[in-house]
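Student: I would like to take a close look at a single part of this model, taken slowly and with the surroundings described as we go.

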Amino acid sequence: MKKSKRNHVKKISVHKKSLFFVIIMLVAAPLLINSGLAATDVLYNKLGITFTAKGLSNESWLDFWKYYLSTAIAFFGVYLVWDTANKDRKSRDNNDNSIQYLNRVSQEEKTLVEVVQCFNTGIIYKALNQLGETTVQECKAVLQETRDKLDEAHIKFEMLTDIVDDRERCGGCDYNPCADRKTKERVSGIFYEMEKRYIHLLNMGDNYLNKVAAEKRNLEIMENQTRIRENLKNQISYMQLRGSSYEELVQKQEELANVEQQIEELNKAKMSREEMEKLVVSAEQEIDSLAKERAEFIGYCKSYINLRKAHARDLKDNGVIAYLKVEEK
């Protein structure tokens, strides 16, 4: 994880202390030199030991001050120019880093919006409740398209490595767990849970549509078998009036019995209206629950993006990201 704002402030403090020490030394140096020269005079007078030129005149001392001050002023001038240029360079670097970071955040925000849009429960609700206006195959095609979009959303979300990154990366950080880590975990956790429930919902929709298609086929077969049954009954009545042979009547009656048995089996296999409605109600309840989870997911996505945008401002203002430590309960 990047250096904290606290370390950055510490570095600035050390830099300021160092500069203050240099200024004190520049001011104190002439006094120390003057005291040192005076001490050499005392040593010369008492002990006859010479460490420097004796009797340094005022004119010589003023010349020293003149050159010393001009050198000190030149030093401060060079330092101020260097410090201003360094601050401008750091400001440009911080601004560039902030812009690059913010561009990545914009891409993440765009991807998260696309991911959220893939969890469109309204499409499933429409597919289950508008069979009167569209065919079963058209509804199944809608569900399959939704499933394909969900697969794309999964890939896009997995590519957001800042959200689904390895938890071990934060292991040695002083700010673990931080607000970023907690928010990432919540976004990731809700996404995978919501994906699992959405797939379950799609399977429920497919199951319902398969049963509707089977019911439709059964009804068509029953209608056909009913017509066959009525036709056989008419044939038997006609044969009885015409005086057909016993063998012919038995054959037709056996055919009629087989058809009636098929119709009876189809009736048993037919789902009641209550059973069909129960499937729809179960799917609608899952849709309502998933819609609430989707709203929660959107809220955490917004929190994540806001954190990232705040980090971009940190980079621009201070050059480092300020992380907020969160105490685990």
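Student: Which residues do ring pairs link into a cluster?

Tutor: In this predicted model, the cluster linked by ring pairs consists of Phe119, Phe157, Phe191, Tyr192, Tyr198 and Phe297. A search of the whole structure finds 6 aromatic pairs. One of them joins phenylalanine 119 to tyrosine 198 in an edge-to-face arrangement, with 5.3 Å from centre to centre and 75 degrees between the planes. This pair links distant parts of the chain, since phenylalanine 119 sits in the loop between helix 2 (58-118) and helix 3 (121-129), while tyrosine 198 belongs to helix 6 (residues 179-242), 79 residues apart. Phenylalanine 119 and tyrosine 198 are both buried.

Another pair is formed by phenylalanine 191 and phenylalanine 297, whose ring centres are 6.2 Å apart and whose planes meet at 40 degrees, so this pair counts as tilted. Because phenylalanine 191 lies in helix 6 and phenylalanine 297 in helix 8 (residues 273-318), the pair ties together parts that are 106 residues apart in sequence. Phenylalanine 191 and phenylalanine 297 are likewise buried.

Tyr198 also takes part in a helix contact. Helix 3 and helix 6 pack with their axes 10 Å apart and at an angle of about 10 degrees, which means that helix 3 runs roughly parallel to helix 6. From helix 3 the contact draws on Thr121, Ile124, Ala127 and Leu128, and from helix 6 on Tyr198, Leu201, Leu202, Gly205, Tyr208 and Leu209.

Key
Residues are numbered from 1 along each chain as its sequence is written. This is a predicted model: local features need pLDDT of at least 70, side-chain atom pairs count only at pLDDT 80 or more; totals for chains, interfaces and linings use all residues. Side-chain values use heavy atoms; hydrogens and water are left out. Rings of Phe, Tyr and Trp (its six-membered ring) pair if their centres lie within 6.5 Å; planes under 30 degrees apart count as stacked, over 60 as edge-to-face and the rest as tilted. Helices (H or I, at least four residues) and strands (E, at least two) are DSSP runs, numbered from the N terminus. Buried means under 20% relative accessible area, exposed over 50%, partly exposed in between (1.4 Å probe, protein chains only). Axes are lines fitted to C-alpha atoms, for helices over the stretch in contact, and angles run from 0 to 180 degrees between N-to-C directions. Angles under 35 degrees count as roughly parallel, over 145 as roughly antiparallel, 65 to 115 as roughly perpendicular and the rest as oblique. Contact means heavy atoms within 4.5 Å.
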